[in-house]
Amino acid sequence: MASSTTGPVVGENKVSGFIFGVIAWIVGLMFFFPIFWLVLNSFKTEEAANGDPVLFFTPTLEQYREVTASSTGLLSFGEAFFNSAWVVVVSTIIVMVLAIPAAYSLAIRPVEKWRDVLFFFISTKFLPIAAAILPLWILARDLGLLNTRLVLIILYTALNLPLAVWMLRSFFAEVPRELIEASQMDGASLMSQIRSVILPIVSPGIAATALLSFIFAWNEFFLAVQLNPVDGSTVPIWVTTAVTTRGLFLAKLSAASTLATLPVVLAGWAAQKRMIRGLALGAIK
Amino acid sequence: MTDVVQDQSVIVDRSDEVERIAKKEAWRRRLPILPALLFTIIVTQIPFALSVFYSLTDWNIVSGVDREFIGFGNYGELFGSSLFRQAAWTTVVMTTASVLLSVFFGTLIAILLDRKFFGQGFVRTLLITPFLITPVVAGQTWSTSMLNPQFGVVNWLLERLGKDDPIQFAGQFPTWTIVAVLVWQWTPFMMLIILAGLQGQDPSVLEAARVDGANSRSIFFQITLPQLRPFLELGTLLGSIYLIQVFDHVEVITGGGPGSTNLPYFVFQRSIGGGWEFGQASAFSIVVVIATIIFATLGLRLLSSLLEE
Amino acid sequence: MATVTYDSASRIYPGTEKPAVNELKLDIGDGELLVLVGPSGSGKSTALRMLAGLEFVDKGSILIDDRDVTLTPPQDRDIAMVFQNYALYPNMTVAGNMGFALKQQGVSKEERAKRVMEAAKILDLEEYLDRKPKNLSGGQRQRVAMGRAIVRSPQVFLMDEPLSNLDAKLRVSTRTQLVDLQARLGVTTVYVTHDQVEAMTMGHRVAVLDHGVLQQVDTPRRLYSAPANLFVAGFIGSPAMNLIEADRSGDELHFGSSVVALPADVQADLKASSATRFVIGIRPEHLSNAGGGLNSNVTVVEELGSDAFVHATIQHGGGDVTIVVRIDGETTVSRGDNMPISIDGPVHIFEADSGKRLGTPPE
C-alpha cells in the first residue's frame, strides 16, 4: 500500500498548512509531556522533585541507584526484571510458534470457514480476564501453579494469541498468491516455499507482531498481581511496590517507572508503523 | 451427433478422486491451525465454563461451608444490589466516555498528522508513546506527578493561573480522572489506526472530488469519513474490548475509591480481593461478559448507522 | 520438447453447476505456440492453470508428451509459467529469481550461474543480475519473468497475459521479441490473452473460448476468414465484423434493400434450416464505397492514414443499423455525407439463435 499523505493542493493556503504543522507539534508535545516530566523527575533529587516544578537542575543518578539496589525481604529490580523477561520472552515465543502456522492456514491456503475461525480467536478477547480470574485462580491453586512463572507464561500466551493470529493473518494475506504458485511451478517443496518465498516477505510483520505481544505481556498487571504476587513477580508489580515509603518518594518512583516502561517504549517505537498496519489491515482484508 | 455421445462415455470422471484429494488437502490445511485453536479453547473456554457453573452456586471459600447449587439465586441478588448497579453504571460511563473520547481525539490528531510538515515522523513517535506506557506506570504518573494536589504539575499550573486551593482530582472526580488517563493512553492507538485508514485512501478519489468542486469540509464528511468507517469500527471494537476490562488504572489511581469501582474491579473485590464470595463474584463476571458482548455490538451498530446517513 | 493434450478436460468449481472449462479437447503440437483467447470468464486462464497443475481436473485428462499428468503436482510437471504480474520473488535478485528453479532441482552453483548468464544474454539482462525486482522497470521485470522460465528449458511454457501490464508501445515490441524467442527455442507454448490482436499476431494456432466451451481452434487466417460460429465472427477482427440481423423471406436474406447473393452450399443449408432469424456477417473491408445500390449516412470517420473506417447508418429491416466500412485513406468522406455502398467480398451467414455457421467454410 502506498502511503500517500494528502499533500497540499493548488490554492490551499500555505499559512494554514504551517499552522496545522504547529498545532500538530503542540499536541504531540502535550501528549508526551507527562512522560517527559516523569523522566525529568527521575533525575532529580527528592527535594527538587517535590518542590516547585523546574526545568533546569543538576541531574543525579541517585534515584536509579537507590531503586535498583536490592534489600532483603523486598522484590528487587533485578529479580523482577529477570522474571518479566523470562515470562514475556517465553510466552511471546510460544505465541509465535502457535500463531504463525495458524495464520499461514488462514491466509495462504484459506480453509473453509476461515472467517469463523478468525472470529472465534478474536471473540475470546471479549472474555474479560476479570471474569475468568476465579476459575483460573482455583485451577492454578489446585495444579500448584500459583506463584509460578509458568502460570503467567500460559496465560500471557492465551492473552496474546488471538491478536497475534489476527495480525499475522493480514501480513500473510499480503503475500501474492501468484508468488506461491510461481514457486510451485519452479519445483519448490512446501518447506522451501515457506523458507525462501513466504518468510522473507512476512518477517517484518512477524517481528511487529512479536513486539506487540511483548508489549502487552510486559505491561500486564492484573493476572500478575492475582496469581503471582510473591515469587516470580514481574516488573509492573515491582513498580507498584518498590516505593512505598511515605514522604519524599516522587523522584524514586519516577526512576522506577522509567526503568519499568523503557523496554516497551523502545519496542513500540521500533514497531510502530508495521504494528498498526497489521492491526488495521485485519479489518479491511 | 452420435460421435459426441460416444466420446462422453470414455471421458474419465475424476470427481471422486478430486474430492478425495481435496479432503486430504483440507485436513493438511486445517492441521496448522489446530495447536493454536486447541490451546485457546482449553485456556479460555474451560475457565469460562467453570465461571458459569460457579455462578449457579453459593460458595464462600473462607466460610468452610460446602459449595451449594442455588440456580440463578446469585443473579437475582445481584440486580438487587445497589453496589452492583453502581459498579455497572461506572463501567458504562467509563467505557463509553473513554472509547468515544479517544476515537474523537484520535481522529482529529490523525487528520493533523496526515499532512506533510517538518518533523512529522518525530511527532508521531511522541504521540504513540502514551499507548506503550505500562498502565500501572501511567496511572501512578498521573496520580502523582501530574494531578497530585501537593506536588502535581497541573495544580501548580492552576495555582499560577490564580486558583488557590488545589483540586483533589482523584478524590473529587475519581471516575473522570481514570477516564482522562485512559483517553491519554488510547487516543494514540486510535490515531494510528485512523491514520492507516487516511493514508490508505485512493488519492485519485479525493482529486476527483476536488475537480467536482467539493470543498475540504464536504470532502471530509462525504468521502473521507465513510471510507474511514472500517477503521473507526476497528478502533471502537478493540478499544471497547480492552477498556471495559480496565483494572490496573482503577487499582493505582483510586483503589476503587468513591464511585470509581467498575465491574472487573468489583468482581475482584468480592472474591480474591477480600470478599471470597466466589459464587456471587462468578455471577458478576458472567454479567461482565454479557455486557462486553452487548457493548461491542451496540457500539458497532451505532457507529455504522451514524455513518450510513 | 513436448506435445500437450487436453482430453475432454473439465473444471467445475465446488459449489457451481456450470463448468468453468467444459470438456476441452485440444492437441498442441511439439514446438507450437498456441494462444487461448476469449473474454473474461471464458475459462482461458482456468484451462491454462489446469495444465499448470494449479487447478484440479474434475473430468477428463491432461497429457504432456503422452504422459498423463492429470494428478501430478505442479512441482513435477516440468512446466514453466509466466504470470500476468510476473510474480518475481521480491527478496531475491534477478539472478536469484532466475536460478531459483534450478536450485530446487539441486543444480550446482557454477552450472546455475552459467545457465542464468546464458538466459540473461538472450534477454539483455546481464547488467541487472544483481538488482532486486523493485529496482527494475516494468519491461525489465517482464524479461526477468521470461528469463525465469527459459533458464530451466522446461517441456512447456505457460504464459498468462504476460504483456498486459506493459504500456502499448512496449507491448507491441515485446510481442515480436517473444514470438522470435519462442521460435528460436522451439519450446511448446500455451499463451493466454484476452486481446484478439495479440492472439492473431502471435499464435501459430488460436483457440477461442467462451463460457468454458472451445468455440474454434484454427490458424489466425482461418479464424478470420472462416469463423465457425457467430461468437468467433464477432470476437475476432478489429474493427469487428458487421453483424446484421435479418429475417428470412422464403429462402432469401435481405441486406438493406437488396438480396444477399449466397453461394450454393449456404443456399442449401438455408433451405434445410428451420430457423427464421439469421445474422449476416460482413467484414468492413468487404464493403465498398465504389458505388452501389445501398444508401448510407456517414456518422463517424476514423482516419488511420493508410485507410479509414467509416461508421454509417443504413436502412435495414425497418430501422437504422450502423455498419462500419473500410475505405481508402485518400478518399474524403465526412459526417453527414451520403455514401452509396455495396458488398464486395465474402459474406458469412449464421443462425441468429444457435450461432451456427451456414455453408461449408472455404478450405
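The legends below accompany several close-up views of a predicted model.

**View 1. A nonpolar surface patch on chain A.** In this predicted model, eight named residues, A:Val15, A:Phe18, A:Ile19, A:Phe20, A:Val22, A:Ile23, A:Ile26 and A:Met30, form a nonpolar patch on the surface, and together they have about 740 Å² of accessible area. One of these residues, A:Phe20, has its place in helix α1 of chain A, which covers residues 14–42.

View 2. Chain A is divided into domain 1, residues 2–42, and domain 2, residues 69–280. Taken over C-alpha atoms, the centres of domain 1 of chain A and domain 2 of chain A are separated by 31 Å. The contact between them involves five residues of domain 1 of chain A and seven residues of domain 2 of chain A, and the two domains bury about 450 Å² between them, with 71% of that area on carbon and sulfur atoms. On the side of domain 1 of chain A, the residues A:Leu38, A:Asn41 and A:Ser42 supply 82% of the area buried against domain 2 of chain A, which is more than any other three residues supply. Between domain 1 of chain A and domain 2 of chain A, the count of salt bridges is zero.

**View 3. The interface of chain A and chain B.** Here 91 residues of chain A are in contact with 98 residues of chain B, and the two chains bury about 8,500 Å² between them, 76% of which lies on carbon and sulfur atoms. Within chain A, the residues that lose the most area to chain B are A:Phe31, A:Phe126 and A:Leu134, although together they account for 9% of what that side buries.

View 4. Across the interface of domain 1 of chain B and domain 2 of chain B, zero salt bridges are found.

**View 5. A salt bridge on chain A.** The side chains of A:Asp142 and A:Arg141 meet in a salt bridge, with a distance of 3.4 Å from N to O. In this pair A:Asp142 is exposed, at a relative accessible area of 54%, while A:Arg141 is partly exposed, at a relative accessible area of 36%.

View 6. C:Arg11 and C:Glu55 form a salt bridge whose closest N and O atoms are 3.2 Å apart. This pair links distant parts of the chain, since C:Arg11 belongs to strand β1 (residues 4–11) of chain C and C:Glu55 to the loop between α1 (44–52) and β4 (59–64) of chain C, 44 residues apart. Both C:Arg11 and C:Glu55 are buried. The two residues also belong to a network of salt bridges that links A:Arg177, A:Glu181, C:Arg11, C:Arg49, C:Glu55 and C:Asp58.

**View 7. A salt bridge within a helix of chain C.** The side chains of C:Arg115 and C:Glu111 meet in a salt bridge, at 3.9 Å from N to O. These two residues are separated by about one helical turn, because they stand four residues apart in helix α3 (residues 109–123) of chain C. C:Glu111 counts as partly exposed, with a relative accessibility of 28%.

Note on methods:
Residues are numbered from 1 along each chain as its sequence is written. Chains are lettered from A and ligands numbered from 1 in the order in which they are written. This is a predicted model: local features need pLDDT of at least 70, side-chain atom pairs count only at pLDDT 80 or more; totals for chains, interfaces and linings use all residues. Side-chain values use heavy atoms; hydrogens and water are left out. Patches are made of residues with over 30% relative accessible area and no salt bridge: like charges are joined within 9 Å, nonpolar side chains (Val, Leu, Ile, Met, Phe, Trp, Tyr) within 5 Å. Accessible areas come from the Shrake-Rupley method with a 1.4 Å probe; for residues, only the protein chains shown count as cover. A salt bridge is a side-chain nitrogen of Lys or Arg within 4 Å of a carboxyl oxygen of Asp or Glu. Domain bounds come from an automatic or database domain assignment. Contact means heavy atoms within 4.5 Å. Buried area is the accessible area (1.4 Å probe) that two parts lose on being put together, summed over both. Buried means under 20% relative accessible area, exposed over 50%, partly exposed in between (1.4 Å probe, protein chains only).
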